[in-house]
Amino acid sequence: MATDAVRANDGARSSDGARLIEAAVPLTDSLTPPPRQSARRSKGPAGPILEGVKLDQPFFNDKNRAFWVLQSAGWTGYFILRSLSGIANSMGLMFLVHTLLLTATGYSLTLLMGSLYRRLITMRSIYTATLSLATVILASGAFSFIETWSNATFVRPDARPAGIEYLGAILLDFALLAAWSALYYGINYYLLLEEEIEQREAMASQASSAQLAMLRYQLNPHFLFNTLNSISTLVLLRQTERANAMLARLSSFLRYTLVNEPTAMVTLAQEVETLKLYLEIEKMRFEDRLRPHFRIDAETIGARLPSLLLQPLMENAIKYAVTPSEDGADIWLTASHEGSSVRIEVADSGVGANAVHSAMESTGVGLANIRDRLAQAYGAGVGFTSRANDKGGFSVIIEIPYDTDMRDRP
């Protein structure tokens, strides 16, 4: 009588827990996870203007536009500074003509240099450095020749340079063009490095997603074998109604696993709904021997976790607690919000120390799969412990970050 009272009390608490989940988050017929919310960026009143001049996107997204903006801004600054220097030193208005000619010369020379550098940057570093240095020296000589001629023509008409005197400005021109080259290579190498980092991150993300998908797909054949074997047994026993009911529940469960991406993050409420489908299938096998109980805090139902993370734990509990016992076992799923984490525990009443030891030493895909999926989703620091509990059975405790972000993670 006392045992029946305890079971009735636990059954009432289980029903209350289920009603709590269903009241907080309506569980619809469709098991498709909620669509990802598209990020909306408020541009404000200046948005149309910024969009019109293409300033609403990262500067180096369009490399060609970025080059022309920097090229024009740099040489415009050069013209302004040299013009102000000439005016401050009373060089006269003709100095502006001289400065304009030098600016046009530098602008044109650097365009030619940039065209050459686009080819040199793909070569081996020794060739790039050597050929770039030779290019700067030749361009500096040409720049110095034009500057000396322009100075003698517009600024000092009485000057008569000859021979080596045309290289009189080569040091300053070399410094200017070398600085331009260093800036050009610096920006382009930075962009190449950034692109390589993005590619590596994309490859790492793809590898992580592939690993998560592989771990998820390990569950389906493992679960299907047991379920189909039970259906086959029911058919042989001519229990067609029960076999049809199990097939219907299996199709609902598989619909969820097929619709939901293997790397998706789902809410705890959705995960519990999926567990209910799974347990309905198992109840067809074990009937009253399987007694599940849900104790889910209302504030944890929106927490997100990898899909089908808890199903192997339930399967593990059924395998080592329910199957060996004629009376079956109780299985509890509890979830509580503790600080910045969600603590989830799957515990069973067990059938003694031997079953607990067997569960701890299990070499199946269950516990190892959970550890690997948690490590892939949250890193190595996530909490995962397994131990004997005070109910005489086995408990697995998971502590994951309390994350309610609606965006899926890889």
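This is a predicted model: local features need pLDDT of at least 70, side-chain atom pairs count only at pLDDT 80 or more; totals for chains, interfaces and linings use all residues.
By class, the lining of the largest pocket comprises 15 nonpolar, four polar and two charged residues.

| Helix pair | Angle between axes | Distance between axes |
|---|---|---|
| H3 (residues 63–88) and H4 (residues 94–120) | about 155 degrees | 9 Å |
| H8 (residues 268–286) and H9 (residues 311–322) | roughly 25 degrees | within 10 Å |

H3 packs against H4 at an angle of about 155 degrees. Because this angle is over 145 degrees, H3 is roughly antiparallel to H4. The crossing of H3 with H4 is right-handed. On the H3 side, the contact includes Phe67, Trp68, Trp75 and Arg82, while H4 supplies residues including Phe95, His98, Leu102 and Tyr107. The residues of this contact comprise twelve nonpolar, nine polar and one charged.

For H8 and H9, the axes cross at roughly 25 degrees. Since angles under 35 degrees count as roughly parallel, H8 and H9 are roughly parallel to each other. Their crossing is right-handed. Glu271, Leu275, Tyr278, Leu279, Glu282 and Phe286 of H8 meet Gln311, Met314, Glu315, Ile318 and Val322 of H9. Seven nonpolar, one polar and three charged residues make up the contact of H8 with H9.

Notes. Residues are numbered from 1 along each chain as its sequence is written. Side-chain values use heavy atoms; hydrogens and water are left out. Axes are lines fitted to C-alpha atoms, for helices over the stretch in contact, and angles run from 0 to 180 degrees between N-to-C directions. Helices (H or I, at least four residues) and strands (E, at least two) are DSSP runs, numbered from the N terminus. Angles under 35 degrees count as roughly parallel, over 145 as roughly antiparallel, 65 to 115 as roughly perpendicular and the rest as oblique. A crossing is left-handed if the near helix is turned anticlockwise from the far one by less than a right angle, and right-handed if clockwise. Contact means heavy atoms within 4.5 Å. Ala, Val, Leu, Ile, Met, Phe, Trp, Tyr, Cys and Pro count as nonpolar, Asp, Glu, Lys and Arg as charged, and the others, Gly among them, as polar.
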